[in-house]
Amino acid sequence: MSSARAHHWAWLLVISFVFGCNVLRILPLSFASFMSRVLQKDIKDMKQELSMVNMMNEIARYARLERKINKMTDKLKTQMKAWTALLAKIKWVISVAFYILQAALMISLIWKYYSDPVAVVLSKWITSLDLAGGVGITCWILVCNKVVAIMPHPFS
């Protein structure tokens, strides 16, 4: 396999991993909201049925429906707590995996391109400092991370 082809597959792998992390962040949340809506619809239907029952004439049926509604409401609350805890764990695992991938990628880039300049600084661009030469990958990564961290501040 040629070097260019290997780089292509490496970047495809990184992009696929990032996409997968984002999908995994979204899926549990949508599943939890879907299940919540299904249970809430059942509770709403039972409450509507309860409103049609005459409490004085059919007290046993009314009490049964009321107990069933309370049981379903408690079940919904319990499941929402469990889903919230599960979502927090999943989000934490995905975040840790993403940061590990990012750190590995940064270290591999620094290791591979430590002697190659990313950008060339001409002496006429910065006349007062009398600098000329290239900007290395380590400095470039630090500057890019700082810019990315600062960018959302004007919008928040």
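Author: Fine by me. Keep in mind that this is a predicted model. Let's begin with Gly20, which lies in helix H1, residues 3-52.

Reader: Is Gly20 buried, exposed or in between, and how do you know?

Author: Gly20 has a relative accessible area of 25%. Buried means under 20% and exposed means over 50%, so Gly20 counts as partly exposed.

Reader: How far is Gly20 from Ile94, in sequence and in space?

Author: Gly20 and Ile94 are 74 residues apart in sequence, and their C-alpha atoms are 9.4 Å apart in space.

Reader: What is the overall layout of the chain?

Author: The elements run α-α-β-β-α from the N terminus on. That is 3 helices and 2 strands. Of the 156 residues, 13% count as buried.

Reader: And how confident is the predictor, and where is confidence lowest and highest?

Author: The chain averages a pLDDT of 76, with 74% of the residues scoring at least 70. H1 has the lowest confidence, at a mean of 71, while H2 has the highest, at 83.

Reader: Now the charged pairs. What makes Lys41 and Asp45 a salt bridge?

Author: Their side chains meet at 3.4 Å, N to O. The cut-off is a Lys or Arg nitrogen within 4 Å of a carboxyl oxygen of Asp or Glu, so a pair at that distance qualifies. Both residues lie in helix H1, 4 residues apart, or about one turn of the helix. Asp45 is at 36% relative accessibility, so the label there is partly exposed.

Reader: Which helices does the Glu49 and Arg61 pair tie together?

Author: Glu49 and Arg61 meet in a salt bridge at 3.1 Å, N to O. Glu49 sits in helix H1 and Arg61 in helix H2, so the pair ties together parts that are 12 residues apart in sequence. Glu49 is partly exposed at 34% relative accessible area, and Arg61 is partly exposed at 32%.

Reader: Why do you call Glu49, Glu58 and Arg61 one network?

Author: The side chains of Glu58 and Arg61 also meet in a salt bridge, at 3.3 Å, N to O. Salt bridges that share partners join Glu49, Glu58 and Arg61 into one network. Glu58, at 33% relative accessibility, counts as partly exposed. In total the structure holds 3 salt bridges.

Reader: On to the nonpolar side. What makes up the largest nonpolar core?

Author: There are 10 residues in that core: Leu39, Ile43, Met46, Leu50, Val53, Tyr62, Leu65, Ile69, Met72 and Leu76. H1 and H2 each supply at least two of its residues, and H2 gives the most, with 5.

Reader: What about the nonpolar surface patch, then: which residues make it?

Author: Trp92, Val93, Val96 and Ile100 make a nonpolar surface patch of about 420 Å². Ile100 has its place in helix H2, residues 59-113.

Reader: Why is Ile100 called exposed?

Author: Its relative accessible area is 55%. Exposed means over 50%, so Ile100 gets that label.

Reader: Which residues does UniProt list as "transmembrane region"?

Author: The unreviewed UniProt entry lists residues 6-27, 90-111 and 131-151. In the model, the span 90-111 is 100% helix and 0% strand, and its end C-alpha atoms lie 31 Å apart.

Reader: And what does the model show for the "coiled-coil region"?

Author: That name comes from the unreviewed UniProt entry too, for residues 55-82. Here the span is 86% helix and 0% strand, with its end C-alpha atoms 35 Å apart.

Methods. Residues are numbered from 1 along each chain as its sequence is written. This is a predicted model: local features need pLDDT of at least 70, side-chain atom pairs count only at pLDDT 80 or more; totals for chains, interfaces and linings use all residues. Side-chain values use heavy atoms; hydrogens and water are left out. Buried means under 20% relative accessible area, exposed over 50%, partly exposed in between (1.4 Å probe, protein chains only). UniProt positions are given in the numbering used here, feature names are shortened, and annotations may be inferred rather than shown by experiment. Patches are made of residues with over 30% relative accessible area and no salt bridge: like charges are joined within 9 Å, nonpolar side chains (Val, Leu, Ile, Met, Phe, Trp, Tyr) within 5 Å. Accessible areas come from the Shrake-Rupley method with a 1.4 Å probe; for residues, only the protein chains shown count as cover. pLDDT is the predictor's confidence in each residue, from 0 to 100. A nonpolar core is a set of buried Ala, Val, Leu, Ile, Met, Phe, Trp, Tyr and Cys residues joined through side-chain atoms within 4.5 Å.
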